[in-house]
Every structure is written in structure tokens, then in C-alpha cells.
Amino acid sequence: MAQTDSQGLAKILIEQEQQLVAEWMANLMSTSSSAAGDVRLADQCTHLLRSLRQAVLTGQTRNIQGGEWAEVRQLLTEICYTRARQGATPRETAIFVFALKQALFSRLRESVADPALLAAQTLLVSNVLDELGLFTIEVYQKGREEVIARQQQEMLELSTPVVQLWDDILALPLIGTLDSARTQVVMESLLQKIVETGASIAIVDITGVPTVDTLVAQHLLKTVAAARLMGADCIISGIRPQIAQTIVHLGVDLEDVVTKATLADAFAVALRKSGAAITRAATAR
Amino acid sequence: MERIPILRMGRLLLVTIQVDMHDQLALALQDDLTNRIVRDRANGVLIDISALDVVDSFIGRMISNIAAMARVLDARTVVVGMRPAVAITLVELGLELPGVRTALNVERGMALLQSENE
């Protein structure tokens, strides 16, 4: 029974391909704005329909995860990835598949006279296309997750610059919350820079850190301790009044670390420690 | 028996650890070093660990112990040449070597000791 159903469906897919594509595209144009702008839409529809036909001909319509559906899945994956990257919503992506349903239903109604057969074939089409629709959602989700992961990685690299302020003074302006993954990156880049430049003083500026809780404080202290093991003194600067209050309320011990309110103060201390001084030139006004 | 060489430079002693430490070697080093501090009337000890890729809790404790012993004998200890990866590992292990002075390289370490003893 399932075999004859899929045979019948395949026959419609072959014989009425032109009408199907036309109707499908018409449906897409009317429902989805992003699809309308895609010049390759007709191409995509035709391709997908043909590979769908191949898959239906094998009779394996229960499970679209099988090898028979590999080509359909690959085509859909490509289409969804492009859509996701262009910023289409998951709804729009899924509609690409669901729009075919309407087209197929009306074709079926015209070509199949027997009510029982029509019902069976309608069910079959509905099942297959639902599965494919769900598949597009999954792919869309995966595409988005990849985008997020890439952005996180980029942010991680962007947000940890180590700046050389003076011969042996480094500054580490921290922006954003410090979690353990970022602390690791921050620590590594700071220590690496200490080795490269031979700096003996590092200023960790936390002006851009929105909140300091016990965990962030612990991460800061770890960074300071690691820098000390490399023979560099650390100064923590950019402590805002609220953060000073939180630190004390939380009972975080910053006794062993030199702390300054602003980066300028910290820089002045660092210069004095390294034996340098900045003076105003006599001629300058 | 294998021993870690101790070099004298004026009133400073320079120890370069280049092999994997084990109990016997560490005990021998503590013994040798304390003897040399007394014999050479040293007032500073430089421990160079730039050749070590891995510093575990054992070596960490040994370094702390040596520093403490040297302090009792009125000599200052500076650990020099620690690698970034080693520093991160030690901090993650919670071994922050309290009471041990550190410097980036031998030159800096020596300058640190000399400025203190002046």
C-alpha cells in the first residue's frame, strides 16, 4: 500500500513538475518576503522537487533520515544555511517547504479520483513535508548556533588586548564580564606579553567590567598571582565606587594587591616604581 | 649520584634546575643549598626554573621550603624564569608560592637581590 502510494505520488511529481514549481513559487511569493528576493528560487525549487521525486520513488517515505533522502537533506541544508545567514526567520525558512504542501494537495485533488486513495496520498505528502519542515528548523537552528559560536570566539579575541604603555609597563583594559574561559585567555595573553616585552609592572584596568562578584574577584586575583609568579607586579585600576562597596561587602581580600581608582593614578605609581617620571616641559603652555 | 649544581656569584648563589625533580634530588638540593649558604655566607639565592616545562605541587612545595630555609639563614630567595604555562598551572593548583620573590629572568632577579642588599 505504502509502495503504491509513493508510486502514485512520484508519478504526479514527474508529470506535473512544471505546474508544481509554478504553484509552489506563487505560494512562496505571497507568504514570504525574503524568498521573493532570491533570484535562484526557481532553480532551488526545481532541484529540490527532482531529488524529492528520487527519494519518493525508493518507497522509503517513513523516515527521511535514511540514505535515500541524503540528496534532499543536503539541498535543504544548503538552502537553509543561506537563508539563516541572510537573517531569515525560522518561520520563513520552514515556509519554503510548507508552501509545497499546498501545491501538492491541489495537484493531488485534481489527479486522484478515488477518495480513499486521495486520503492516503494526502497523508503521505503531509507526513513527508512535515518531516522536511522540521528538518529545516533543525538546520536553521544549527546554522544560528554556529554564528553565535563564531561571534563568541571573535569577542573573546577582541576583548583581551594587552597594551604596552611604557618600556616595562603593560596595561590590560578589561571590558565585559570575566568568566573562567575569558580569564584563561586574558591570563595567557598577559603572561605571553610579559615574556615578550620583559615588563615588570602590569596594570589591570577594570573600568569596563560591569560587576565584580566573588567569582570575578577570584579570577582577578588569579591573574595577579600568575603575573607575580612571572616576576611582574600588578596594579588593579578603574575601581568604581559601587564596585569598591561590593568588594568590601563580599569580603573579598584585596589587601596584597595595589589598587587605584583610575588608570592615570595606576600609571603614575607604575612610572615611579620603574624609576621614570613625567614632567611638564618648561616651554609648554 | 646526580646533583643539581650550585654556582656562586659574589654573595649570591645560582641554582639552575634543568632535570626532572624527584624526592632524592630535592632533598639533596636542600641539603647542599643550606650548607652552601652557610659556607659561602650568601645573602641571596636565585632559582632558575626556565628549563622546566612542568612544575607540579611537589616542586612548588620544594621551592617554598627552600625559600623558607634560606630566610632562616638570612638569605633572600628569588625564583626566576617561570614560563607562562607553568605560572597558570601553579595558580590553578592554588600554589601561589607565598613568601617567594619572583623575577622574569636571571638578570632581573639579580638586580632585585642586589637592590635589597644595598
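In this predicted model, about 1,400 Å² of area is buried between chain B and chain A. Carbon and sulfur atoms give 63% of that area. Each chain supplies part of the contact: 17 residues come from chain B and 17 residues from chain A. Across the interface, 6 residue pairs are in polar contact. On the side of chain B that touches chain A, the elements giving two or more residues are helix 3 (84–93) and strand 5 (101–103) of chain B. Helix 3 of chain B makes the largest share of that side, with 6 residues.

The interface also holds a charged pair. Side chains of opposite charge can pair when their charged atoms come close. Between chain B and chain A, the count is 1 salt bridge. Its partners are Lys222(A) and Glu92(B). Their closest N and O atoms are 3.0 Å apart.

The next feature is the sheet of chain A. Strands of a sheet pair through backbone hydrogen bonds, either parallel or antiparallel. In chain A, 5 strands form an open sheet. Their order is 1-2-3-4-5, and the pairing is mixed. Strand 1 (163–166) and strand 5 (258–259) of chain A stand at the edges. Each has a single partner strand, so one side of each is left without a neighbour in the sheet.

Strand 1 of chain A and strand 2 of chain A run antiparallel and are joined by 3 bridges. Within this pairing, Trp166(A) has Ile169(A) of strand 2 as its bridge partner. The pairing of strand 2 (residues 169–175) with strand 3 of chain A is parallel, and it extends over 6 bridges. Here Leu170(A) has Ala202(A), in strand 3 of chain A, as its bridge partner. From strand 2 of chain A, the chain crosses through helix 8 (residues 180–197) to strand 3 of chain A. This β-α-β crossover is right-handed.

Strand 3 of chain A also pairs with strand 4 (residues 233–237) of chain A. That pairing is parallel too, with 5 bridges. Val204(A) has Ile236(A), in strand 4 of chain A, as its bridge partner. Helix 9 (residues 214–229) of chain A belongs to the β-α-β unit made with strand 3 and strand 4 of chain A. This unit is right-handed. How many of the 8 residues of strand 3 of chain A are buried? The number is 6, so strand 3 (residues 201–208) is largely enclosed by the rest of the structure.

Thr136(A) is found in helix 7 (residues 115–158) of chain A. Buried means under 20% relative accessible area. Thr136(A) has 1% relative accessibility, so Thr136(A) counts as buried. Neighbours within four places in sequence are left aside in its list of contacts. The residues in contact with Thr136(A) are then Leu76(A), Cys80(A), Thr93(A), Ala94(A) and Val97(A).

Salt bridges occur within the chains as well. The structure holds 13 salt bridges over all chains. One of them joins Lys101(A) to Asp130(A), with the closest N and O atoms 2.7 Å apart. Lys101(A) lies in helix 6 (residues 90–111) and Asp130(A) in helix 7 of chain A, so the pair ties together parts that are 29 residues apart in sequence. Lys101(A) counts as buried at 15% relative accessibility. Asp130(A) is partly exposed, with a relative accessible area of 30%.

Helix 6 of chain A also contains both Arg107(A) and Glu110(A). These residues are 3 residues apart, about one turn of the helix. Arg107(A) forms a salt bridge with Glu110(A), and the closest N and O atoms are 3.3 Å apart. Arg107(A) is buried at 11% relative accessibility, whereas Glu110(A) is exposed at 60%.

In chain B, Arg83(B) forms a salt bridge with Asp53(B). The closest N and O atoms are 2.4 Å apart. This pair links distant parts of the chain, 30 residues apart. Arg83(B) is in the loop between strand 4 (76–80) and helix 3 of chain B. Asp53(B) is in the loop between strand 3 (44–48) and helix 2 (57–72) of chain B. Arg83(B) counts as partly exposed at 35% relative accessibility, and Asp53(B) counts as exposed at 53%. Elsewhere in chain B, salt bridges that share partners join Arg8(B), Arg36(B), Arg39(B) and Asp40(B) into one network.

Terms used. Residues are numbered from 1 along each chain as its sequence is written. Chains are lettered from A and ligands numbered from 1 in the order in which they are written. This is a predicted model: local features need pLDDT of at least 70, side-chain atom pairs count only at pLDDT 80 or more; totals for chains, interfaces and linings use all residues. Side-chain values use heavy atoms; hydrogens and water are left out. Buried means under 20% relative accessible area, exposed over 50%, partly exposed in between (1.4 Å probe, protein chains only). Helices (H or I, at least four residues) and strands (E, at least two) are DSSP runs, numbered from the N terminus. Two strands pair if DSSP finds at least two bridges between them. A crossover is right-handed if, with the strands pointing away from the viewer, the path from the first strand over the helix to the second runs clockwise. Contact means heavy atoms within 4.5 Å. Buried area is the accessible area (1.4 Å probe) that two parts lose on being put together, summed over both. A salt bridge is a side-chain nitrogen of Lys or Arg within 4 Å of a carboxyl oxygen of Asp or Glu. A polar contact is a pair of N or O atoms within 3.5 Å; within protein, one must be able to donate a hydrogen and the other to accept it, and residues adjacent in sequence count only if both atoms are side-chain atoms.
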